[in-house]
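Let's walk through this one together, from the contact between the chains to some backbone details. Have the viewer open as you read.

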Amino acid sequence: MANLKEIKRKIGSVKNTQKTTNAMKLVSSAKLKRTEELAKKSRVYAAKLTELINEIAQKMQQSHADGIDNVYFKDVPNPKKVDIIFITADKGLCGGFNVQTIKRTNQLIADYKAQDVKVCLRAVGRKGIDYFKFNNVELGNEIIGLSAAPDFKQASEFISEVAEAYVNGETDKIILVHNGYVNMITQEIREDQILPVDTSKLELNAVSTSELEVEPDDDDTLLAALVKRYVEYTMYYSLIDSLAAEHAARMQAMDAATTNAKEMVKELTVKYNKARQEAITTELIEIISGMESMK
Amino acid sequence: MELMKLEIVTPDGVIFDAEVKQVTLPGSEGEFGVLPSHATLVSLLDTGVIVIEKSDSSEVAVAINSGYVKVEEEKTTCIVDGAVALSGEDSDLAKALEAAKELLKSAESSKVAIASAVSKVEHMGKSL
């Protein structure tokens, strides 16, 4: 009899879990919609900004025969020190979302270490911080709360600090790793080189810009300001992208959990019914054999 | 009168997109006005107020903290970090004014630029 009761309790608890995971799935899908909207809106800004950088960079390239001579564009062939910024979620329960980012970061670290390059890690998101702290890896920055609620000002403050280290020559390269959103069921690890600006991504020599007037009349100042904004923006956008991916991943994980719970309830119910049937049969046999012995 | 397209884009999306008669911008080298068919120009924008004269001659003010503008003959695009629009049709003008002042005060630029922008916003608020 104790067995019956136990199964019944188990069914109840699995049902409860199912309710929780289902609710979490609904919450994530609502949040995903909002984040997607945000990403869509801010993509316009990104497009305009990139266009402008393109034009200024082109203008500079046309006026300087030996390419763009600017601190943000100098490509160091053998970097000595690399900063890796990586974005993870603050919370778990989202499948392999965080693990994938951490894996890629670890791989990058190993790659650079093999080339004798010093690596400085800068972490955004509690899960990544916890992981590297547990493994006794030193982190340059630890930011919690930003990946759950991207804020342009906070993001730009953080990245400005990193960019400053780059301008001062403390680091030769800045790389940003995050898990990006592709669609509802796919996430993709994205690895962006933030500084120096990846000139291969810019479409140089596309349009003639000789007519372009610039104010203040100093290409360098303008370009520096633009690049700074571009970098800040890339950071912000990556945060939004990562958040969207996080919600999508959580939605998927919770959906799978709900399905699993449903299956488990089904199995347990069968088991419960069987046990009950068994108990009844035993009781009947007892009664009948008792009656038989009375005769 | 001739019209040109004006777009104001922030990281949170497009906040203004319409045909306008004229726009006055707070450039880093000083305030300047842009009329249709202006020569191609790229400029940094300082903390200040963008004043837009719409096609029906009504005025809209947009407080910004910093950004860039790209002027082409038929189109002007402002790429700004943060912006708050103030217009006569807005029912929550007082609230928008407060938000605009907040934005200006938090900007990282010279006190003179901030003070002049704030006073301009207050003035605009009265006239709207």
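How many residues does the contact take from chain B, and how many from chain A? The contact takes 19 residues from chain B and 20 residues from chain A, where two residues are in contact if their C-beta atoms, placed from the backbone, lie within 7 Å. Before going further, keep in mind that this is a predicted model, in which local features need pLDDT of at least 70, side-chain atom pairs count only at pLDDT 80 or more, and totals for chains, interfaces and linings use all residues. Residues are numbered from 1 along each chain as its sequence is written, while chains are lettered from A and ligands numbered from 1 in the order in which they are written.

On the side of chain B that touches chain A, the elements giving two or more residues are β1 (4-10), β2 (13-27), β4 (41-45), β7 (67-71) and β8 (75-80) of chain B. Helices (H or I, at least four residues) and strands (E, at least two) are DSSP runs, numbered from the N terminus. The most comes from β4(B), with four residues. By type, this side of chain B divides into nine nonpolar, seven polar and three charged residues; here Ala, Val, Leu, Ile, Met, Phe, Trp, Tyr, Cys and Pro count as nonpolar, Asp, Glu, Lys and Arg as charged, and the others, Gly among them, as polar.

Three bridges join it to strand β6 (residues 213-215) of chain A, and the two run parallel; strands pair if DSSP finds at least two bridges between them. Within this pairing, A:Val214 stands opposite B:Val42.

Now follow chain A itself. It has five helices and six strands, in the order α-β-α-β-α-β-α-β-β-β-α from the N terminus on. Chain A is more spread out than a compact globule, because its radius of gyration is 29 Å, well over the 19 Å that the globule rule gives for 295 residues. That radius is taken over C-alpha atoms, and the rule is 2.2 Å times the number of residues to the power 0.38. The C-alpha trace of chain A spans about 115 × 40 × 30 Å along its principal axes. An automatic or database domain assignment divides chain A into domain 1 (2-25 + 253-294) and domain 2 (42-250), and 53 Å separate their centres, taken over C-alpha atoms.

What about the interior? The largest nonpolar core has 93 residues, and those with the most contacts inside it are B:Val62, B:Ala63, B:Leu86 and B:Val121. Such a core is a set of buried Ala, Val, Leu, Ile, Met, Phe, Trp, Tyr and Cys residues joined through C-beta atoms within 7 Å. Helix α5 (residues 219-294) of chain A gives the most to this core, with 20 residues. A residue is buried if 20 or more other C-beta atoms lie within 10 Å of its own, exposed if 12 or fewer, and partly exposed in between, with C-beta atoms placed from the backbone. In chain A, 34% of the 295 residues count as buried.

Finally, some backbone details. A cis peptide bond, with omega about -10°, joins A:Leu195 and A:Pro196, and A:Pro196 is found in the loop between β5 (186-195) and β6 of chain A. A:Asn136 is not a glycine, yet has a positive phi of about 55°. A:Asn136 counts as exposed because it has 6 C-beta neighbours inside 10 Å.
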